[in-house]
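Subject: Handover of a structure and notes on its analysis

Dear colleague,

Please find below the structure that I am handing over to you. My notes on the analysis follow it.

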Amino acid sequence: MAERQDKAALISETRRRFEAEYLADKSEKYDSRDVERLQQDDKWVENYLIWRHDVVDDTLKMIDESLQWRKEYTVNDLTESVLPKWLFENGSLFLHGYDKEGYKLFWFRVKHHIRDPKQQLEKKKLVAFWLEHYAKRDHGKPLTVVFDMAETGISHIDLDFVRFIVNCFTDYYPNFLTKIVIFEMPWIMNAAFKIVKGWLGPDAISMLKFTNKSDVQEYISGEYLPPHMGGTDSFKYSYPPLVDDDFQTPLCENGPITSEDEHESKEEIDADTKETGELNEEQNLNQKKMNSIEQISKSEETDKTEIKPKNAKKALTTFKGPLLHISPAEELYFGSKETGEKKCLIVLTNVTKNVVAFKVRTTAPEKYRVKPSNSSCEPGTSLDIIVSLHGGFAASLQDRFLIMAAEMDQSSGAGVPELTQFWKEVPRTKVMEHRLRCHVVESSKPSSLILKENAFNIPAKTNEDLHIQVTRLLQINKRLQEQIDRCLWFQQLSVVLSLLSVTVVAFCFYLVYTQRS
């Protein structure tokens, strides 16, 4: 508590002195949005203090330099549309994957970078764009930088550009760097990186990790490493769309979730319900019914959930985690615009003795509706999540879903406020995470959990009717099996009789032959 109070006092002093010493007659040096953020965002000021070891004088100098740089590079106005398209198509810089500590990876594919003074400013703005894009998205959570130097040579050495990247972390984005992983640096660049070490300073030098194929997995698991680095990640960079698998809260059934701490207003729900009225009415009528003979109802425990879909197929694969079993294990199958399959199913099974809270995040929240996206699962029960494409969007191979789960205390409630508070307080080490990728089916139906657009229009049958029809099917199957058994018996009898006939004929020929001789 005392430490927290001391930090609050330092933040207050930093703000007071910055306003008195730097804003008095130099306010034009800064973007007013940054000044306003500095006055309101405690975490931002705290990161500056951490990076400068709580020395207020040094912190003020860093803030001054950082805010001037942000205005010079128009960081607050950098968007995908204001940067040249070729910068994104080049694929030299992008965010993708996580290291073993759960930090986002910022990739610099050096072989795609060619030194060109005419393009230097635009490339630097691209770096600023990605850093600001992620900083706003994840509220300043640190990054791990990966310099992939495979297949590089002297033509790729650009110390000015490397220095800019280093300065971004040491001077402009405080406490934003966890480590720099350098993969297969050519010996010819040893001298260059000795210079880079000088720029980093003593604190950041310890963050440098020189690796090769044999030891890079000490820092990054094979799941997020491409094959040439010894990993299994099949990700291939392409643009558009913007590559960023940073998971966000998806759309719920009735529209976008603006905040996990807020409920949608009744007016919003009513408005969205009007838009999808027919579908929702039909869905409510079928809430406790099954839509096809092929679909067998789950156990009574599963039937208790209010969000059970009606026409789900059995999953063929299951990821068996410590808290939840998740089906399918790896991929969600969606159709292309031609095939029209726009809905999928995720089945969660709680394998613990406690209530498990879960939430679903996606890399493309504008595309998908997820019901439910933030809920809980009772011990020993299964729960189904419907994932559907929103509007005219189509699924992409780059889309990802993240399922996060954690055990709750028996005393904790399972309402929205309790879940929101729970996710704020639960330690990251106690959270189970599992990722699913999207698969687009072009022509044929996949044998996976797919919900058709017209699924809710199929005439529904009660569980009793379904049981009767299943019983009839089993009886028919039994009769067919009996007929097959009879056919096999007759086939075996025919073979035996044929052998006897051949034996008798052969014996007759033998008798005729012996009499003649």
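**Helix 2 and its cap**

In helix 2 (residues 32–40), the residues D34, V35 and L38 are buried. Buried here means under 20% relative accessible area, exposed over 50%, and partly exposed in between, with a 1.4 Å probe and protein chains only. Helices (H or I, at least four residues) and strands (E, at least two) are DSSP runs numbered from the N terminus. Viewed down the axis of helix 2, the buried residues fall within an arc of 100°, so they line one face of the helix; the arc is that of the directions from the helix axis to the C-beta atoms. S32 and Q40 are exposed residues on the face turned away from that buried side. At the N-terminal end, D31 caps helix 2, with a side-chain oxygen 2.8 Å from the backbone nitrogen of R33.

**Basis of the values**

This is a predicted model, in which local features need pLDDT of at least 70 and side-chain atom pairs count only at pLDDT 80 or more, while totals for chains, interfaces and linings use all residues. Residues are numbered from 1 along each chain as its sequence is written, and side-chain values use heavy atoms, with hydrogens and water left out.

**The chain as a whole**

The protein chain has 13 helices and 18 strands. Of its 517 residues, 45% count as buried. Among contacts (heavy atoms within 4.5 Å) between residues at least 6 apart in sequence, 75% join residues at least 24 apart.

Five strands form an open sheet in the order 1-2-3-4-5, with mixed pairing; two strands pair if DSSP finds at least two bridges between them. Strand 1 (93–98) and strand 5 (208–211) are the edge strands, each pairing on one side only. On average, neighbouring strands of this sheet are turned by 25° against each other, direction ignored. Strand 3 (residues 143–148) and strand 4 (residues 177–183) run parallel and are joined by six bridges. Within strand 4, I182 stands opposite F147.

Helix 7 (residues 159–172) lies across strand 1, strand 2 (104–109), strand 3 and strand 4, and runs at about 170° to strand 3. Axes are lines fitted to C-alpha atoms, for helices over the stretch in contact, and angles run from 0 to 180 degrees between N-to-C directions. V166 lies in helix 7 and counts as buried at 5% relative accessibility. V166 and L177 are eleven residues apart in sequence and 9.7 Å apart in space, C-alpha to C-alpha.

**Strand 16 and its partners**

Strand 16 (residues 400–407) is mostly covered, with seven of its eight residues buried. Strand 12 (residues 356–362) pairs with strand 16 in the antiparallel sense over seven bridges, and A406 in strand 16 is the bridge partner of A357. Strand 16 also runs antiparallel to strand 17 (residues 432–441), to which six bridges join it. In strand 17, M432 stands opposite A405.

**Cysteines**

A search of the whole structure finds zero disulfides, a disulfide being a pair of cysteine sulfur atoms within 2.5 Å. C438 is in no disulfide, and the nearest cysteine sulfur, that of C344, is 7.4 Å away. C438 is buried, with a relative accessible area of 2%, whereas C508 is partly exposed at 39%.

With kind regards

Technical notes. Polar contact = N/O pair within 3.5 Å; in protein donor to acceptor, adjacent residues only side chain to side chain.
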